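These are my notebook entries from reading through one structure. I set down what I looked up, step by step.

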Amino acid sequence: MDIRIYCKGGTLIISISNHKGGVGKTTTALNLAASLAILKKSVLLIDLDPQASLTISTGLNPDSFQENVYTSLVNGKPLSLVTQATSIDKVSIIPSNIDLSAFEVELQTTLSREFKLKHAIQKLPHYDFIIIDCPPALGNLTINALTASDMVLVPVQAEYLALRALQKHNDLVDLVKKNTNPKIHCKYLVTMFSKGTLHANEVLTEAHNLYKNIFKTVIPRTIKFPDAVTAGKALIQLMPAASGAEAYKAVAKELI
Ligand SMILES: Nc1ncnc2c1ncn2[C@@H]1O[C@H](COP(=O)(O)OP(=O)(O)OP(=O)(O)O)[C@@H](O)[C@H]1O
Ligand SMILES: [Mg+2]
């Protein structure tokens, strides 16, 4: 199914999720948002990871905000009141901090716990895209994100074991589809691709054998991404012509 059908003048809500750590979720959230902004789309980033890597990657200090995604989800404060500007024109962020780790536990005793984020998002003003950066886990936070989303973008590191580890995440998406969000659409993005290596090419072929719904664009492995994190910027802000920046721009174009 073509995800563009969801986009008809509305908001496309995308969760970036994979329970495996360090596969490029946060990098994808930030660089995809910056690329969409260059294509004149308004984007809200939601940092749903207690590690707050996305908040930090935009150059913000997670501990400098009295209100964040956690206080909003727990106290019912509108998300619009905790939204912060970023250094990227047309991109805003709802920051996270370590307090969010309590959410998993506190929700156990709450009714409709899977729908907390979805209900909060419904009260937000219009954005063309909302991008939710999930933690590397299959718990309540990720279930809330998937329940609220039109699409889950799953970054897959171009390594054999990373491809094999996807089954548990696929099972969670199926569970969400059955129980809280039948319309969710899943699409895979191959990341950290080492061009010219036999292994990466074999993994890419295997990924296409296993899944039909894969972005045509592949994200190259390049040290420029960690460098950009250190600067608190998206790569496209620092080096718009870099291969990694161009790749995320191509992913954004596939989405529009
Ligand atoms: N294409 C890439 N090439 C090289 N390094 C990359 C690439 N994408 C991400 N990285 C680096 O790999 C590390 C992990 O990336 P990132 O934080 O995006 O992963 P993650 O899936 O969000 O991790 P976590 O599971 O901890 O949230 C970071 O240092 C990041 O800068
Ligand atoms: Mg992350």
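Entry 1. I began with the residue just after helix 1, which is Lys-40, and noted its positive phi of about 70°. I keep in mind that the model is predicted.

Entry 2. I then turned to helix 1 itself. Helix 1 comprises 14 residues, and the distance from its first C-alpha to its last is 20 Å, close to the 20 Å expected at 1.5 Å a residue. Is helix 1 mostly covered or mostly uncovered? I found 13 of its 14 residues buried, so I recorded helix 1 as mostly covered, taking a residue as buried if 20 or more other C-beta atoms lie within 10 Å of its own.

Entry 3. Seven strands make up an open sheet with mixed pairing, in the order 3-4-2-5-1-6-7. Strand 3 (84-85) and strand 7 (185-191) are the edge strands, each pairing on one side only. I noted that strands 3 and 4 run antiparallel and are joined by two bridges. Ala-85 has Ser-92 of strand 4 as its bridge partner. Helix 1 packs on this sheet, where it touches strands 1, 2, 4, 5, 6 and 7. The direction of helix 1 makes about 165° with that of strand 5 (129-133).

Entry 4. Last, I examined ligand 1. Which residues come nearest to ligand 1? Of the 19 residues around it, they are Gly-21, Lys-25, Thr-26, Thr-27 and Pro-136. The shell has seven nonpolar, nine polar and three charged residues. Helix 1 (25-38) and helix 10 (224-231) each contribute at least two residues to this shell.

Methods. Residues numbered from 1 in each chain as written. Chains lettered and ligands numbered in written order. Predicted model: local features only at pLDDT ≥ 70, side-chain atom pairs only at ≥ 80, totals over all residues. Near = placed C-beta within 6 Å. Helix = DSSP H or I, 4+ residues; strand = E, 2+ residues; numbered from the N terminus. Nonpolar A, V, L, I, M, F, W, Y, C, P; charged D, E, K, R; others polar. Expected span 1.5 Å × (residues − 1). Buried ≥ 20, exposed ≤ 12 C-beta atoms within 10 Å, placed from the backbone. Pairing = 2+ DSSP bridges. Contact = placed C-beta atoms within 7 Å. Axes fitted to C-alpha atoms, helices over the stretch in contact; angles between N-to-C directions.
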